[in-house]
Amino acid sequence: MNANQSPSFDNHEHVATIDDAASGLRAIIAVHNTKLGPAVGGCRMFPYANEEQALEDVLRLSRGMTYKSALAGLPMGGGKAVIIGDPATQKSPALFHKMGEFIESLNGMYVTAEDSGTCVDDLRQIATETKHVLGVNDAQEFGGDPSPLTAYGIFCGIQSAVRYQLKRDSLNGTTVAVQGAGSVGRYLIKLLREAGAECLACDINPQNVARAEELGATIVGVNDIISADVDVFAPCAMGAILNDDSIPQLKATIVAGGANNQLAKGYHAQMLRDQGVLYAPDFVINAGGIIEIYRQYKDLPMEQCRSKIEGIGDTLTSIFEQSDSDNMTTADVAEKIAERRFKPNAKVNNAA
Ligand code: NAD
């Protein structure tokens, strides 16, 4: 496995791997860019079919974190870790202790947090071996889990997209299809319902379907969510959901949701634009969690965090405006803004 041969390599600063028979840990840490600060990004656990698949995922996610933090105006770089394994059956204290040692060996270049497949208890095990862990403070609201604040940022982003595209100042009566009612999707449904929006939701996990229903969402089949006749499609499950097959099926004129890497390929941003769909770039709209992680990192007041998250709405509005005035996709506009902040010749202002 050679990371720099990968199509997703994109000038990563560092990629480290471990295969430790004693603990069963097989993992990769990818550090994309540290121009603005240490590379911060979650630790995902997933039963990847092979190392190549895990490498592609970690490289794409780590690059995404650089763009996300830069666009959110945070003095942090981008990185990510993946553990190859089934979170339902392959977790053990030994595995997470070894992961902690692995993170520690990078001397603070990479700082970890929770992600799909890992939880606060797992991070606590990691934290016995390294201090480069965020989201393990019991005093934190939600025990350090950033998902509720990720959902809050998406909610603010949906408000801004609805105002821009549909000329509505309120979400009352707006219809939103939420794909995936996990940690983020669930909180999003709650906020949308409180604001008077109608929610459709789906999930492959029956427990999460039941929870979405309790929150007042109307449940639809997993194969019907993309073509649902709604104003907003909010992907909150997996990546690459916007692709050659799904985009022509969309009836929504807004795509605004929390999943990372929603576009299967770069050209799908143009496909959405050609179809008249306003796309809120994922790494802009789902930055609430990393803003909260930064707050924990610097022990900042929650007020400051919330107002920064609310700023996601304004950032998106200016991206939408520039996309129309320059006839560019929203994804291209957002990437260019981020690159001006973290590329080698960028002027760094770390006063976040
Ligand atoms: P999660 O694992 O808690 O929830 C994902 C949900 O999607 C699960 O309930 C799962 O059953 C469901 N799902 C999976 N495949 C599905 C399918 N084909 N159709 C319908 N539902 C399906 O994860 P999460 O923390 O809620 O994150 C959701 C997405 O948001 C992920 O892409 C994640 O990378 C991204 N994200 C999360 C955060 C955060 O703070 N948790 C921050 C930024 C981005």
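Me: How far from an oxygen atom of the ligand does a backbone N or O atom of A237 lie?
Reply: This is a predicted model, in which local features need pLDDT of at least 70, side-chain atom pairs count only at pLDDT 80 or more, and totals for chains, interfaces and linings use all residues. Residues are numbered from 1 along each chain as its sequence is written, and side-chain values use heavy atoms, leaving out hydrogens and water. A polar contact is a pair of N or O atoms within 3.5 Å; within protein, one must be able to donate a hydrogen and the other to accept it, and residues adjacent in sequence count only if both atoms are side-chain atoms. For the backbone atom of A237 and the ligand oxygen, the distance is 2.9 Å.

Me: How many residues surround the ligand?
Reply: A residue is near a molecule if one of its heavy atoms lies within 4 Å of it. The closest to the ligand are T150, V184, D203, N208 and N260. The number of residues around the ligand is 23.

Me: What share of the ligand's exposed area does the protein bury?
Reply: Accessible areas come from the Shrake-Rupley method with a 1.4 Å probe; for residues, only the protein chains shown count as cover. Taken alone, the ligand exposes 820 Å². Of that area, the protein buries 80%.

Me: Which elements give two or more residues to the shell around the ligand?
Reply: Helices (H or I, at least four residues) and strands (E, at least two) are DSSP runs, numbered from the N terminus. The elements asked for are α4 and α5 (183-194).

Me: Which residues have the most contacts inside the largest nonpolar core?
Reply: A nonpolar core is a set of buried Ala, Val, Leu, Ile, Met, Phe, Trp, Tyr and Cys residues joined through side-chain atoms within 4.5 Å. Buried means under 20% relative accessible area, exposed over 50%, and partly exposed in between (1.4 Å probe, protein chains only). The largest core has 62 residues, and those with the most contacts inside it are I158, L188 and L192.

Me: Which helix supplies the largest share of this core?
Reply: The core draws at least three residues from each of domain 1 (3-136) and domain 2 (147-341), with domain bounds taken from an automatic or database domain assignment. The largest share is 10 residues, and the helix that gives them is α4 (residues 147-166).

Me: How far apart do the C-alpha centres of domain 1 and domain 2 lie?
Reply: Contact means heavy atoms within 4.5 Å, and 24 residues of domain 1 are in contact with 23 residues of domain 2. The C-alpha centres of the two domains are separated by 24 Å.

Me: Is V136 buried or partly exposed?
Reply: V136 is found in the loop between α3 (120-127) and α4. Leaving out residues up to four places away in sequence, V136 touches V120, L123, R124 and Q296. Its relative accessibility is 24%, so V136 counts as partly exposed.

Me: Which residue's backbone oxygen lies 2.6 Å from a polar atom of the side chain of H12?
Reply: H12 sits in the segment before β1 (14-20) and is buried, with a relative accessible area of 6%. Beyond four places in sequence, the residues in contact with H12 include A30, H32 and R63. The backbone oxygen at 2.6 Å from its side chain belongs to F9.

Me: What is the phi of A240, which is not a glycine?
Reply: Most residues other than glycine have a negative phi. A240 is in the loop between β9 (232-235) and β10 (254-255), and at 34% relative accessibility A240 is partly exposed. Its phi is positive, about 60°.
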